[in-house]
Amino acid sequence: MIDLVRHPKLRQIARDLHIPDSEDCLRDLRDHAIQTVREMLREWSLETIEDLRRLVADRLSLKIEFIRSDEDVSRLASEYQHFFLRFRQILDAEFISGDTEGLLVDNPSPKKGGRRYLAIIDARGSRAARAYFTAWHEVAHLLLCPPKQMMFEGFRRTPSDALKRKDPLESAVDHIAGLLAFWEPLFKPALLDTSAGNLTFGGIETATGIVAPGASLYAATLAAIRLWEGPAIFLTAEETTKTDGTGYALRLQTVIPNELARPLNLRIRKSMRVPIASALFQAFQENLDLERSAAENQRMWEVSGHGNLPPLSWKIQALRRGPAVYGILKPASSPLYRLSGRIVSNN
Ligand SMILES: [Zn+2]
(Lines give C-alpha, C1' and ligand atoms only; values in the text may rest on other atoms or scores of the structure.)
Protein backbone atom coordinates (compact mmCIF):
# COMPACT_ATOMS: atom_id res chain seq x y z
CA MET A 1 0.00 0.00 0.00
CA ILE A 2 1.48 3.33 -0.98
CA ASP A 3 1.62 6.17 1.52
CA LEU A 4 -1.04 8.59 0.33
CA VAL A 5 -0.74 11.01 3.22
CA ARG A 6 2.48 12.60 1.99
CA HIS A 7 2.62 11.50 -1.63
CA PRO A 8 4.19 14.19 -3.89
CA LYS A 9 1.66 13.56 -6.68
CA LEU A 10 -1.26 14.21 -4.31
CA ARG A 11 0.50 17.21 -2.79
CA GLN A 12 0.81 18.70 -6.28
CA ILE A 13 -2.91 18.21 -6.91
CA ALA A 14 -3.64 19.93 -3.58
CA ARG A 15 -1.44 22.87 -4.65
CA ASP A 16 -3.19 23.08 -8.03
CA LEU A 17 -6.45 23.35 -6.10
CA HIS A 18 -4.90 26.12 -3.94
CA ILE A 19 -5.21 24.07 -0.76
CA PRO A 20 -2.60 25.24 1.78
CA ASP A 21 0.17 22.69 2.47
CA SER A 22 -0.41 20.47 5.48
CA GLU A 23 0.84 17.22 6.96
CA ASP A 24 -1.85 15.10 5.36
CA CYS A 25 -2.67 15.77 1.72
CA LEU A 26 -5.09 12.83 1.48
CA ARG A 27 -7.23 14.38 4.23
CA ASP A 28 -6.94 17.80 2.53
CA LEU A 29 -8.16 16.45 -0.82
CA ARG A 30 -10.96 14.49 0.86
CA ASP A 31 -12.09 17.56 2.84
CA HIS A 32 -11.92 19.66 -0.32
CA ALA A 33 -14.15 17.22 -2.22
CA ILE A 34 -16.66 16.89 0.63
CA GLN A 35 -16.78 20.65 1.16
CA THR A 36 -17.34 21.25 -2.58
CA VAL A 37 -20.28 18.82 -2.52
CA ARG A 38 -21.70 20.45 0.64
CA GLU A 39 -21.65 23.81 -1.09
CA MET A 40 -23.40 22.38 -4.13
CA LEU A 41 -26.06 20.99 -1.80
CA ARG A 42 -26.93 24.27 -0.18
CA GLU A 43 -30.63 25.02 -0.48
CA TRP A 44 -31.35 21.52 -1.73
CA SER A 45 -32.86 18.73 0.22
CA LEU A 46 -32.31 15.33 -1.33
CA GLU A 47 -33.73 11.97 -0.47
CA THR A 48 -31.43 9.53 -2.19
CA ILE A 49 -27.78 9.35 -3.09
CA GLU A 50 -28.83 8.96 -6.71
CA ASP A 51 -30.35 12.46 -6.52
CA LEU A 52 -27.08 13.62 -5.02
CA ARG A 53 -25.11 12.12 -7.90
CA ARG A 54 -27.40 13.75 -10.44
CA LEU A 55 -26.98 17.15 -8.79
CA VAL A 56 -23.21 16.91 -8.38
CA ALA A 57 -22.70 15.60 -11.93
CA ASP A 58 -24.81 18.47 -13.21
CA ARG A 59 -22.69 21.05 -11.37
CA LEU A 60 -19.52 19.42 -12.69
CA SER A 61 -20.88 19.50 -16.25
CA LEU A 62 -20.79 15.73 -16.40
CA LYS A 63 -23.31 13.49 -18.13
CA ILE A 64 -23.34 9.89 -16.89
CA GLU A 65 -24.57 7.14 -19.20
CA PHE A 66 -24.90 3.50 -18.14
CA ILE A 67 -24.59 0.63 -20.59
CA ARG A 68 -27.22 -1.97 -19.66
CA SER A 69 -27.19 -3.99 -22.89
CA ASP A 70 -25.03 -4.30 -26.02
CA GLU A 71 -27.61 -2.20 -27.88
CA ASP A 72 -26.84 0.67 -25.52
CA VAL A 73 -23.30 0.81 -26.92
CA SER A 74 -24.68 1.36 -30.39
CA ARG A 75 -27.22 3.92 -29.13
CA LEU A 76 -24.51 5.93 -27.33
CA ALA A 77 -22.28 5.75 -30.41
CA SER A 78 -25.04 7.39 -32.47
CA GLU A 79 -26.00 9.90 -29.81
CA TYR A 80 -22.47 11.16 -29.25
CA GLN A 81 -20.98 10.58 -32.72
CA HIS A 82 -20.17 14.30 -33.00
CA PHE A 83 -17.59 13.91 -30.16
CA PHE A 84 -14.84 12.31 -32.21
CA LEU A 85 -14.28 10.81 -35.57
CA ARG A 86 -14.74 7.05 -35.32
CA PHE A 87 -16.45 7.32 -31.93
CA ARG A 88 -18.43 4.14 -32.72
CA GLN A 89 -15.21 2.18 -33.31
CA ILE A 90 -13.79 3.50 -30.04
CA LEU A 91 -16.87 2.38 -28.08
CA ASP A 92 -16.96 -1.01 -29.84
CA ALA A 93 -13.28 -1.58 -29.06
CA GLU A 94 -13.75 -0.64 -25.40
CA PHE A 95 -17.11 -2.21 -24.57
CA ILE A 96 -17.82 -4.92 -27.16
CA SER A 97 -14.44 -6.49 -27.90
CA GLY A 98 -12.71 -5.05 -24.80
CA ASP A 99 -13.82 -5.19 -21.18
CA THR A 100 -13.47 -1.58 -20.10
CA GLU A 101 -15.47 -0.71 -16.98
CA GLY A 102 -15.83 2.98 -17.53
CA LEU A 103 -14.77 5.68 -19.95
CA LEU A 104 -14.55 9.39 -19.19
CA VAL A 105 -14.76 11.45 -22.36
CA ASP A 106 -13.92 15.11 -22.74
CA ASN A 107 -16.41 16.70 -25.10
CA PRO A 108 -14.12 18.62 -27.48
CA SER A 109 -16.71 21.26 -28.39
CA PRO A 110 -19.62 21.40 -25.96
CA LYS A 111 -22.55 23.32 -27.41
CA LYS A 112 -24.38 25.91 -25.39
CA GLY A 113 -26.04 24.12 -22.49
CA GLY A 114 -24.22 20.87 -23.30
CA ARG A 115 -22.04 19.02 -20.82
CA ARG A 116 -18.30 19.22 -20.87
CA TYR A 117 -17.72 15.58 -19.84
CA LEU A 118 -19.38 12.28 -20.61
CA ALA A 119 -18.89 9.20 -18.43
CA ILE A 120 -19.90 5.88 -19.96
CA ILE A 121 -20.19 3.14 -17.37
CA ASP A 122 -20.62 -0.56 -18.05
CA ALA A 123 -23.55 -1.91 -16.00
CA ARG A 124 -24.19 -5.13 -17.93
CA GLY A 125 -24.49 -8.44 -16.07
CA SER A 126 -22.04 -8.89 -13.23
CA ARG A 127 -20.79 -5.31 -13.72
CA ALA A 128 -24.10 -3.88 -12.52
CA ALA A 129 -23.11 -3.96 -8.84
CA ARG A 130 -19.84 -2.15 -9.50
CA ALA A 131 -21.36 0.43 -11.85
CA TYR A 132 -22.77 2.43 -8.94
CA PHE A 133 -19.30 2.87 -7.47
CA THR A 134 -17.57 3.41 -10.84
CA ALA A 135 -19.88 6.36 -11.52
CA TRP A 136 -18.88 7.93 -8.19
CA HIS A 137 -15.23 7.27 -9.00
CA GLU A 138 -15.53 9.44 -12.12
CA VAL A 139 -17.40 12.14 -10.19
CA ALA A 140 -14.63 12.16 -7.56
CA HIS A 141 -12.01 12.68 -10.31
CA LEU A 142 -13.75 15.81 -11.48
CA LEU A 143 -14.00 17.14 -7.92
CA LEU A 144 -10.20 17.04 -7.76
CA CYS A 145 -9.75 18.73 -11.11
CA PRO A 146 -8.80 22.41 -10.83
CA PRO A 147 -11.32 24.62 -12.65
CA LYS A 148 -10.42 25.60 -16.21
CA GLN A 149 -7.63 23.06 -16.31
CA MET A 150 -7.82 20.32 -18.91
CA MET A 151 -7.94 17.06 -17.06
CA PHE A 152 -6.95 14.99 -20.08
CA GLU A 153 -7.38 15.04 -23.81
CA GLY A 154 -9.85 12.77 -25.59
CA PHE A 155 -10.91 9.93 -23.33
CA ARG A 156 -9.66 7.98 -20.36
CA ARG A 157 -10.44 4.48 -19.14
CA THR A 158 -11.33 3.57 -15.57
CA PRO A 159 -8.22 1.61 -14.55
CA SER A 160 -8.35 -1.93 -13.18
CA ASP A 161 -8.25 -2.50 -9.41
CA ALA A 162 -4.60 -3.55 -9.60
CA LEU A 163 -3.63 -0.32 -11.41
CA LYS A 164 -5.72 1.73 -8.97
CA ARG A 165 -3.78 0.36 -6.02
CA LYS A 166 -0.48 1.41 -7.63
CA ASP A 167 -1.54 4.92 -8.55
CA PRO A 168 -1.82 7.41 -5.65
CA LEU A 169 -4.39 9.56 -7.45
CA GLU A 170 -6.59 6.57 -8.32
CA SER A 171 -6.39 5.33 -4.72
CA ALA A 172 -7.29 8.78 -3.35
CA VAL A 173 -10.16 9.08 -5.83
CA ASP A 174 -11.51 5.66 -4.77
CA HIS A 175 -11.31 6.68 -1.12
CA ILE A 176 -13.31 9.86 -1.84
CA ALA A 177 -15.76 7.96 -4.04
CA GLY A 178 -16.45 5.64 -1.08
CA LEU A 179 -17.44 8.62 1.07
CA LEU A 180 -19.63 10.20 -1.61
CA ALA A 181 -21.32 6.96 -2.69
CA PHE A 182 -22.61 6.53 0.88
CA TRP A 183 -23.09 10.19 1.74
CA GLU A 184 -23.17 10.22 5.51
CA PRO A 185 -26.08 12.66 6.03
CA LEU A 186 -28.29 10.29 3.98
CA PHE A 187 -26.84 6.83 4.57
CA LYS A 188 -26.15 6.98 8.30
CA PRO A 189 -29.68 7.89 9.47
CA ALA A 190 -31.11 5.20 7.17
CA LEU A 191 -28.64 2.67 8.55
CA LEU A 192 -29.35 3.52 12.20
CA ASP A 193 -33.07 3.37 11.46
CA THR A 194 -33.01 -0.05 9.83
CA SER A 195 -30.44 -1.54 12.20
CA ALA A 196 -32.21 -0.94 15.52
CA GLY A 197 -28.97 -1.08 17.47
CA ASN A 198 -27.66 -4.20 15.79
CA LEU A 199 -25.58 -4.01 12.62
CA THR A 200 -26.76 -6.77 10.27
CA PHE A 201 -26.57 -7.44 6.54
CA GLY A 202 -30.36 -7.30 6.46
CA GLY A 203 -30.29 -3.79 7.94
CA ILE A 204 -27.54 -2.68 5.57
CA GLU A 205 -29.44 -4.00 2.54
CA THR A 206 -32.66 -2.28 3.60
CA ALA A 207 -30.86 1.04 4.18
CA THR A 208 -29.10 0.68 0.82
CA GLY A 209 -32.39 -0.04 -0.93
CA ILE A 210 -33.86 3.17 0.48
CA VAL A 211 -31.06 5.69 -0.08
CA ALA A 212 -28.47 4.07 -2.35
CA PRO A 213 -30.25 1.60 -4.63
CA GLY A 214 -27.86 -0.12 -6.99
CA ALA A 215 -24.91 -0.14 -4.59
CA SER A 216 -23.25 -3.50 -3.96
CA LEU A 217 -23.54 -5.12 -0.53
CA TYR A 218 -19.74 -5.17 -0.33
CA ALA A 219 -19.38 -1.39 -0.79
CA ALA A 220 -22.40 -0.71 1.44
CA THR A 221 -21.01 -2.89 4.25
CA LEU A 222 -17.65 -1.10 4.08
CA ALA A 223 -19.47 2.21 4.49
CA ALA A 224 -21.74 0.85 7.24
CA ILE A 225 -18.73 -0.37 9.25
CA ARG A 226 -17.09 3.05 8.91
CA LEU A 227 -20.22 4.90 10.09
CA TRP A 228 -21.26 2.47 12.85
CA GLU A 229 -21.03 3.97 16.34
CA GLY A 230 -19.46 0.94 17.96
CA PRO A 231 -16.58 -1.41 17.14
CA ALA A 232 -17.25 -3.55 14.07
CA ILE A 233 -15.15 -5.61 11.68
CA PHE A 234 -15.99 -6.55 8.10
CA LEU A 235 -14.79 -9.94 6.85
CA THR A 236 -14.93 -11.77 3.57
CA ALA A 237 -13.80 -15.34 2.91
CA GLU A 238 -13.46 -17.37 -0.27
CA GLU A 239 -12.40 -20.85 -1.19
CA THR A 240 -8.78 -21.13 -2.27
CA THR A 241 -6.56 -24.09 -3.18
CA LYS A 242 -4.72 -25.64 -0.26
CA THR A 243 -0.97 -25.03 -0.20
CA ASP A 244 -0.27 -28.72 -0.81
CA GLY A 245 -2.73 -28.76 -3.72
CA THR A 246 -5.05 -31.34 -2.08
CA GLY A 247 -8.39 -29.58 -2.44
CA TYR A 248 -9.84 -26.32 -1.23
CA ALA A 249 -10.05 -24.39 2.02
CA LEU A 250 -12.24 -21.44 2.99
CA ARG A 251 -9.89 -18.59 3.87
CA LEU A 252 -10.29 -14.98 4.94
CA GLN A 253 -9.74 -12.53 2.10
CA THR A 254 -10.60 -9.27 3.86
CA VAL A 255 -10.43 -8.17 7.51
CA ILE A 256 -11.39 -4.51 7.87
CA PRO A 257 -11.93 -3.09 11.37
CA ASN A 258 -13.47 0.35 11.89
CA GLU A 259 -11.65 2.94 14.01
CA LEU A 260 -13.44 1.88 17.21
CA ALA A 261 -12.41 -1.75 16.72
CA ARG A 262 -8.70 -0.97 16.54
CA PRO A 263 -8.07 -1.22 20.30
CA LEU A 264 -9.54 -4.76 20.40
CA ASN A 265 -7.19 -7.70 20.60
CA LEU A 266 -8.22 -8.81 17.13
CA ARG A 267 -5.79 -11.40 15.78
CA ILE A 268 -7.56 -12.88 12.78
CA ARG A 269 -5.75 -12.07 9.56
CA LYS A 270 -6.09 -12.43 5.81
CA SER A 271 -5.47 -16.00 4.54
CA MET A 272 -6.45 -17.66 7.83
CA ARG A 273 -8.61 -20.73 7.50
CA VAL A 274 -12.23 -20.30 8.59
CA PRO A 275 -13.06 -22.82 11.39
CA ILE A 276 -15.67 -25.41 10.45
CA ALA A 277 -17.66 -24.55 13.61
CA SER A 278 -18.02 -20.89 12.60
CA ALA A 279 -21.28 -19.45 11.25
CA LEU A 280 -19.12 -18.07 8.45
CA PHE A 281 -18.28 -21.60 7.32
CA GLN A 282 -21.87 -22.79 7.66
CA ALA A 283 -23.32 -19.84 5.73
CA PHE A 284 -20.79 -20.53 2.97
CA GLN A 285 -21.67 -24.23 2.78
CA GLU A 286 -25.43 -23.74 2.87
CA ASN A 287 -25.37 -21.13 0.14
CA LEU A 288 -28.95 -20.11 0.94
CA ASP A 289 -28.69 -16.35 0.83
CA LEU A 290 -29.88 -16.51 4.42
CA GLU A 291 -28.20 -14.43 7.11
CA ARG A 292 -26.90 -16.37 10.10
CA SER A 293 -25.98 -14.88 13.43
CA ALA A 294 -24.12 -16.51 16.29
CA ALA A 295 -22.09 -15.86 19.42
CA GLU A 296 -18.52 -17.04 18.85
CA ASN A 297 -15.04 -16.65 20.20
CA GLN A 298 -11.71 -15.81 18.60
CA ARG A 299 -10.38 -18.90 20.41
CA MET A 300 -11.89 -21.15 17.76
CA TRP A 301 -9.46 -19.70 15.19
CA GLU A 302 -6.15 -21.47 14.77
CA VAL A 303 -2.79 -20.53 13.34
CA SER A 304 -1.15 -23.66 12.04
CA GLY A 305 1.80 -24.53 14.25
CA HIS A 306 0.95 -21.83 16.80
CA GLY A 307 -2.31 -23.07 18.29
CA ASN A 308 -5.46 -21.12 19.00
CA LEU A 309 -5.84 -17.36 19.11
CA PRO A 310 -6.41 -15.54 22.43
CA PRO A 311 -10.04 -15.39 23.65
CA LEU A 312 -12.27 -12.58 22.51
CA SER A 313 -16.01 -13.12 22.40
CA TRP A 314 -17.92 -11.58 19.58
CA LYS A 315 -21.20 -11.70 17.76
CA ILE A 316 -21.00 -12.67 14.14
CA GLN A 317 -23.33 -12.09 11.19
CA ALA A 318 -22.64 -14.25 8.13
CA LEU A 319 -24.12 -14.20 4.65
CA ARG A 320 -23.10 -15.99 1.47
CA ARG A 321 -22.85 -13.77 -1.59
CA GLY A 322 -21.75 -15.38 -4.86
CA PRO A 323 -18.37 -17.04 -4.50
CA ALA A 324 -17.73 -15.36 -1.13
CA VAL A 325 -19.13 -15.30 2.37
CA TYR A 326 -19.33 -11.95 4.17
CA GLY A 327 -19.13 -11.48 7.92
CA ILE A 328 -19.59 -8.71 10.47
CA LEU A 329 -18.03 -9.07 13.91
CA LYS A 330 -18.97 -7.01 16.95
CA PRO A 331 -17.54 -7.59 20.42
CA ALA A 332 -20.08 -9.45 22.58
CA SER A 333 -19.48 -7.60 25.78
CA SER A 334 -17.34 -4.57 25.65
CA PRO A 335 -17.06 -1.50 27.81
CA LEU A 336 -19.01 1.55 26.75
CA TYR A 337 -17.09 3.53 24.22
CA ARG A 338 -16.50 7.16 24.82
CA LEU A 339 -16.83 8.99 21.56
CA SER A 340 -16.21 12.72 21.40
CA GLY A 341 -17.63 13.30 24.87
CA ARG A 342 -20.60 11.05 24.30
CA ILE A 343 -21.08 7.58 25.68
CA VAL A 344 -22.01 5.21 22.95
CA SER A 345 -23.12 1.78 23.94
CA ASN A 346 -22.07 -1.10 21.84
CA ASN A 347 -24.58 -3.56 20.59
ZN1 LIG B 1 -9.79 6.95 -12.01
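What share of the 347 residues in the protein chain is buried? Buried residues make up 32%; buried means that 20 or more other C-beta atoms, placed from the backbone, lie within 10 Å of the residue's own. This is a predicted model, in which local features need pLDDT of at least 70, side-chain atom pairs count only at pLDDT 80 or more, and totals for chains, interfaces and linings use all residues. Residues are numbered from 1 along each chain as its sequence is written.

**Confidence**
- The chain averages a pLDDT (the predictor's confidence in each residue, from 0 to 100) of 89.
- 93% of the residues score at least 70.
- Residues 335-347 stay under 50.

**Overall form**
- The radius of gyration, taken over C-alpha atoms, is 22 Å. This agrees with a compact globule of 347 residues, which would have a value near 20 Å by the rule of 2.2 Å times the number of residues to the power 0.38.
- The C-alpha atoms fill a box of roughly 65 × 50 × 40 Å along the principal axes.

**Domains**
- The chain is divided into domain 1 (8-181), domain 2 (184-217) and domain 3 (229-344), with bounds from an automatic or database domain assignment.
- The centres of domain 2 and domain 3, taken over C-alpha atoms, are 21 Å apart.

Note on methods. Two residues are in contact if their C-beta atoms, placed from the backbone, lie within 7 Å. A residue is buried if 20 or more other C-beta atoms lie within 10 Å of its own, exposed if 12 or fewer, and partly exposed in between; C-beta atoms are placed from the backbone.
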